[in-house]
Amino acid sequence: MIQNAVRILNEHYDLGDLSNAEELLGGTVNRSFAVTAKKNDHCIKYFIRQYNPAIVENEIIFEHALISHLKKNGFDLAAAVIPSKTGATYVKQEWTTEGRIHKDLWAVYEFIEGEGRYAWFDTNIAPEDMINAAAVLAELHQAGKNFRKPKGCDRLQPPIIEFMPTFRQVYAAFTSKAGKNRFDQRFLQYHDRILRAVDQALIPEHDCSKLSRCPIHCDYHQGNLKYQGSRVTGIFDFDWSKIDLRLFDLALALVYFCACWDGLEAGSLMLDKFELFLRAYNDRCASKVSPGSLTKLEKTFLPAMLAAANLFVLHWTIVDFYRIENPDTDEYLVYLNHHLKLINWLESQNHRIVGIIYQTV
């Protein structure tokens, strides 16, 4: 596969002489590579993405347009997209075998320097790293101001409040597919409980329409950041980005950054880190008119949005398990159990969460 990445660069880009090509492991959706190019005695490292075949081209166009908009607005932590020889921001290759059309979609980005310090499920995050990450999320939301989607291009997944009601139909298909392994049994046991939680997390439309919307990352976690010291040097994986509630992006980050995975507290959020992240995010937002501090309505619905964020990640776990070949049952069962426990924890600790929100923001 590395040879294919090098071939794409040689055929479609004018980067120079290529060396040190390697595959970067750790991604769960796309495949990633790095390569060094030498041109005019100057060496530059690039990041190459081979997109998941399931992705739709209009989603890539949306992603690249958003990154370009953020860069123009002074947000320099997203890797710029490198144009091909034709000026396109991605390369598509198609071929036919046995009557079936296959495609490969590739894009080249600047390589973000720094340390990939955490995985998405890491719990021991240094406080100063969290504070910087929270401030960067606020800056990302600020830089998205006035973004206009390219005509006809968007992420196919609808906004979170429209997306959650679709879980019911998806899970109905999975219940008939479920076998007898431990993941299957746990999913079937909690199927109705999950759907009740979905119904409880929905925000009335007349309230939802008043909440701030902006371009969101939609996968903002510690595993998608690089650091130098405590300073974030870059954010990657914008392929899930879309226009949605900024409150959802914040809630999703809180669910990721503050999760406790180990010991007796597994399946909960660390409330000291929750307060730290929330305060740092809101303080940075308050320094700009847009999007500004969390509004009274956003504070009111943040607990519901935390529940929605948890259900969003739980949904990814369930869908991924039933749609990929030969999933690791033990690995996915850890994710499933964590987010099932978090459903109950968020409900039982709602009063504490509300108290922290109003003391912090």
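Contact means that heavy atoms lie within 4.5 Å. The model is predicted, so that local features need pLDDT of at least 70 and side-chain atom pairs count only at pLDDT 80 or more, while totals for chains, interfaces and linings use all residues. Residues are numbered from 1 along each chain as its sequence is written, and side-chain values use heavy atoms, with hydrogens and water left out.

**Exercise 1.** Determine where Ser19 is found and with which residues Ser19 is in contact, leaving aside its neighbours within four places in sequence.

*Solution.* 
Step 1. Ser19 belongs to strand E1 (residues 17–24); helices (H or I, at least four residues) and strands (E, at least two) are DSSP runs, numbered from the N terminus.
Step 2. With neighbours within four places in sequence left aside, Ser19 is in contact with Val35 and Thr36.
Step 3. Ser19 has a relative accessible area of 34% and is therefore partly exposed. Buried means under 20% relative accessible area, exposed over 50%, and partly exposed in between (1.4 Å probe, protein chains only).
Step 4. Between the C-alpha atoms of Ser19 and Asp283, which are 264 residues apart along the chain, the separation is 44 Å.

**Exercise 2.** Describe how helix H11 and helix H12 pack.

*Solution.* 
Step 1. Two packed helices are described by the angle between their axes and the distance between the axes. Axes are lines fitted to C-alpha atoms, for helices over the stretch in contact, and angles run from 0 to 180 degrees between N-to-C directions.
Step 2. For H11 (residues 329–348) and H12 (residues 350–360), the angle is about 65° and the axes are 5 Å apart.
Step 3. H11 is therefore roughly perpendicular to H12. Angles under 35 degrees count as roughly parallel, over 145 as roughly antiparallel, 65 to 115 as roughly perpendicular and the rest as oblique.
Step 4. On the H11 side, Trp345, Leu346, Glu347 and Ser348 meet Asn350, His351 and Ile353 of H12.
Step 5. Sorted by class, this contact of H11 with H12 has three nonpolar, three polar and one charged residues. Ala, Val, Leu, Ile, Met, Phe, Trp, Tyr, Cys and Pro count as nonpolar, Asp, Glu, Lys and Arg as charged, and the others, Gly among them, as polar.

**Exercise 3.** Identify which residues touch the most other members of the largest nonpolar core.

*Solution.* 
Step 1. A nonpolar core is a set of buried Ala, Val, Leu, Ile, Met, Phe, Trp, Tyr and Cys residues joined through side-chain atoms within 4.5 Å.
Step 2. The largest such core has 112 residues, of which Phe257, Phe274 and Phe277 touch the most other members.
Step 3. Helix H10 (residues 296–323) gives the most to this core, with 15 residues.
Step 4. Beyond four places in sequence, the residues touched by Phe274 include Leu254, Leu306 and Ile353.

**Exercise 4.** Examine the salt bridge that Glu139 forms with Arg284.

*Solution.* 
Step 1. A salt bridge is a side-chain nitrogen of Lys or Arg within 4 Å of a carboxyl oxygen of Asp or Glu. The structure holds 19 salt bridges.
Step 2. In the pair of Glu139 and Arg284, the closest N and O atoms are 2.1 Å apart.
Step 3. Because Glu139 lies in helix H3 (residues 127–143) and Arg284 in helix H9 (residues 271–285), the pair ties together parts that are 145 residues apart in sequence.
Step 4. Glu139, at 25% relative accessibility, counts as partly exposed, and Arg284 is partly exposed at 33%.
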